[in-house]
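Good morning. Please look at the slide with the sequence and the model, and I will go through a few parts of it.

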Amino acid sequence: MKVLVTGAGGMLGQDVLRAAAAANHEVVALGHDELDVRRGRLVREAIGREEPHAVINCAAWSDVDGAEADEAAATEVNGAAAGALAAAAVEVGASIVHPSTDYVFDGTKREPYVESDPVNPINAYGRSKLAGEHAVAEANPRHFVVRTSWLFGAGGKNFVETMLGLAGGRGHVLVVRDQVGCPTYTAHLAEALVRLIDGESYGLHHLAGQGECSWYEFAGEIFEQAGVDCRAMSCTSDEFPRPATRPAYSVLRTQRDYGLLLPDWREGLAAYLAERAVAR
């Protein structure tokens, strides 16, 4: 199968390329320099030229706090551009995989969110990603909209690297305890995204690391597994304000009878640290 990957230079995109190649797909990698997904004409030309069987859209505005300052720009990338890409895929008979986010939920539920739960984003980033979900679903009936959360991987900035960087020369790091979610290793997610295109389970999917934890608990596990002599200390979100409000609880689970399941987030962290050690 011929698979076209947008945003191929990003953290998730790099892992999707590896996963697709490992599955013996013919892969077309288009990073931002090769294709700005905001350029509708160029998107149509690229899709028309390559004629892929499937498109995996890893191009995204991922700066949650930055979206608060420029929601229009975030929505252009995460919303309108995603819809245009899905429409271009239709023209060549291609399906599309579009990653979304747990931040489409408001975090008031006290048990895991499933695909049928009502959405209510409380920040600009969440609204921009929800716009993309709608645009992709409306443009291409052969769509896989995949909500995931708290991504970390070798190809970009992530919470694990932030914690390990802050731990250097410090005895403790302050981390919020009242935001709970599912840390997700991008290599595990990428393998699942590639598996999706081999089937016809179109529609919404929740794919995130199994289990749940707070950012504070995540930081503690990072230091434990990495063997770093640093203590995670907790605070509330009010004590550590950010431009964008985050959901207090955004754990994802699937209600699909045969939904794909990712490994536990601790296994993902161990795999990431092993990959990191080899790279270094």
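At what angle do helix α2 and helix α4 pack? The angle is about 35°, and the axes lie 9 Å apart. Here axes are lines fitted to C-alpha atoms over the stretch in contact, and angles run from 0 to 180 degrees between N-to-C directions. Helix α2 covers residues 40-50 and helix α4 residues 71-91; helices are DSSP runs (H or I, at least four residues), and strands are too (E, at least two), numbered from the N terminus.

This is a predicted model, where local features need pLDDT of at least 70, side-chain atom pairs count only at pLDDT 80 or more, and totals for chains, interfaces and linings use all residues. Residues are numbered from 1 along each chain as its sequence is written, and side-chain values use heavy atoms, with hydrogens and water left out.

Back to the helices. From α2, Val43, Arg44 and Ile47 meet Ala84, Leu85, Ala88, Ala89 and Glu91 of α4, contact meaning heavy atoms within 4.5 Å.

Next, the core. The largest nonpolar core has 32 residues. Such a core is a set of buried Ala, Val, Leu, Ile, Met, Phe, Trp, Tyr and Cys residues joined through side-chain atoms within 4.5 Å. Buried means under 20% relative accessible area, exposed over 50%, partly exposed in between (1.4 Å probe, protein chains only). Phe218 is among the members that touch the most others. Its contacts include Phe159, Val160 and Trp265.

Last, cysteines. The whole structure has zero disulfides (pairs of cysteine sulfur atoms within 2.5 Å). For Cys230, the nearest cysteine sulfur is that of Cys235, 14 Å away. Cys230 counts as buried because its relative accessibility is 10%.

Note on methods:
Lists of a residue's contacts leave out its neighbours within four places in sequence.
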